[in-house]
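Subject: The structure we talked about

Hi,

Here is the structure I promised to pass on. Have a look at it first, and then read my notes below.

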Amino acid sequence: MGFWGTLSSGIDRLNQLLGKIAGIMILLSCVVSATNALLRYGLDISNNWPLELQWYLFSAAVMLGASYTLKRNEHVRVDLIYSQLSDRGRLYTDLFGLILFLMPACILFTWLSWTTLFYPSWLVSEHSLNAGGLPRYPIKLIVPLGFFMLSLQGLSEIIKRINVLKRNGAPPSADLHYEKPMQ
């Protein structure tokens with residue numbers, strides 16, 4: 001398998017785990033929402049932290065689930081030419097998009113969100129201004145972490161596509177599955 005294959009498999013396993021965690025966060029977000037509604041309207045107890053917790057859980061699920069979605073090759077595409085290409089053509093198109101668009105954007109967003117969003121918030125221990133609100137810096141860490149994981153998964157996808165092209169074989173259906181839109 002070699003170093004690159006092992007690295008790709010490790011990244012895939014990590015993002016598989018993050019995908020499961022993101023699914024649990026969606027469920028917890030729904031539970032918090034229902035509990036908050038019961039407390040607010042059933043028992044007339046109002047507090048802001050459940051609303052913020054729900055927002056935090058959903059935001060974390062989106063940011064951590066993006067890399068899992070890329071791993072499963074289920075991001076939305078604009079299908080103008082892609083469905084007409086051969087498997088090798090799709091591999092080259094994916095490589096072009098991953099290297100020229102995804103990787104630079106994710107690396108830039110990781111750096112920018114760390115330096116301008118999370119780090120300043122962490123330095124001042126930023127908290128919500130709402131009564132009973134939660135600290136803000138932990139959720140702000142999820143943004144650079146999510147973009148970092150997305151860039152790692154992009155690296156894994158590049159490795160897998162190069163390996164398939166070097167072997168001159170068919171792409172593994174689980175990794176490179178493409179579902180054509182309904183016509």
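Let's start with one residue. Leucine 150 touches Ala66, Ser67, Leu70, His75, Leu102 and Cys106, not counting residues up to four places away in sequence; touching, or contact, means heavy atoms within 4.5 Å. You will find leucine 150 in helix α4. Helices here are DSSP runs of H or I with at least four residues, strands are runs of E with at least two, and both are numbered from the N terminus. Is leucine 150 buried or exposed? Leucine 150 counts as buried because its relative accessibility is 11%. (Buried means under 20% relative accessible area, exposed over 50%, and partly exposed in between, with a 1.4 Å probe and protein chains only.) Leucine 150 also sits 9.3 Å from threonine 69, C-alpha to C-alpha, although the two are 81 residues apart in sequence.

A quick word on where this comes from. This is a predicted model, in which local features need pLDDT of at least 70 and side-chain atom pairs count only at pLDDT 80 or more, while totals for chains, interfaces and linings use all residues. Residues are numbered from 1 along each chain as its sequence is written, and side-chain values use heavy atoms, with hydrogens and water left out.

Now the overall picture. The protein has five helices and zero strands, so to speak a plain α-α-α-α-α pattern along the sequence. Of its 183 residues, 35% count as buried. Look at contacts between residues at least 6 apart in sequence: 72% of them join residues at least 24 apart. The accessible surface comes to about 11,300 Å², and 69% of that belongs to carbon and sulfur atoms; such areas come from the Shrake-Rupley method with a 1.4 Å probe, and for residues only the protein chains shown count as cover.

Phenylalanine 147 lies in helix α4 too. Setting aside neighbours within four places in sequence, phenylalanine 147 is in contact with Met63, Cys106, Phe109, Thr110 and Ser113. Between phenylalanine 147 and threonine 110 there are 5.2 Å in space, C-alpha to C-alpha, and 37 residues in sequence. Phenylalanine 147 counts as partly exposed because its relative accessible area is 21%.

What about the inside? In soluble globular proteins, nonpolar side chains tend to be buried together. The largest nonpolar core in this model has 14 residues, and those with the most contacts inside it are Met25, Ala60, Ile139 and Ile142. (A nonpolar core is a set of buried Ala, Val, Leu, Ile, Met, Phe, Trp, Tyr and Cys residues joined through side-chain atoms within 4.5 Å.) Which helices each supply at least two residues of this core? They are α1 (2-42), α2 (49-71) and α4 (137-167), and α2 gives the most, with six residues. A second, separate core of seven residues includes Leu95, Leu98, Val164 and Leu165. Back in sequence terms, isoleucine 142 is in contact with Ala60 and Met63, leaving aside neighbours within four places.

α2 has 23 residues and reaches 33 Å from its first C-alpha to its last, close to the expected 33 Å (1.5 Å times one less than the number of residues). Where is α2 kinked? The kink is about 35° and is centred on glycine 65; the bend at a residue is the angle between axes fitted to the seven residues ending there and the seven starting there.

Then there are the rings. The structure holds seven aromatic pairs: rings of Phe, Tyr and Trp (its six-membered ring) pair if their centres lie within 6.5 Å, and planes under 30 degrees apart count as stacked, over 60 as edge-to-face and the rest as tilted. Tryptophan 55 and tyrosine 56 form a tilted pair, 5.0 Å centre to centre with 55° between the planes. Tryptophan 55 is partly exposed at 46% relative accessible area, whereas tyrosine 56 is buried at 10%. Phenylalanine 96 and phenylalanine 101 make an edge-to-face pair because their planes are at 80°, with centres 5.8 Å apart.
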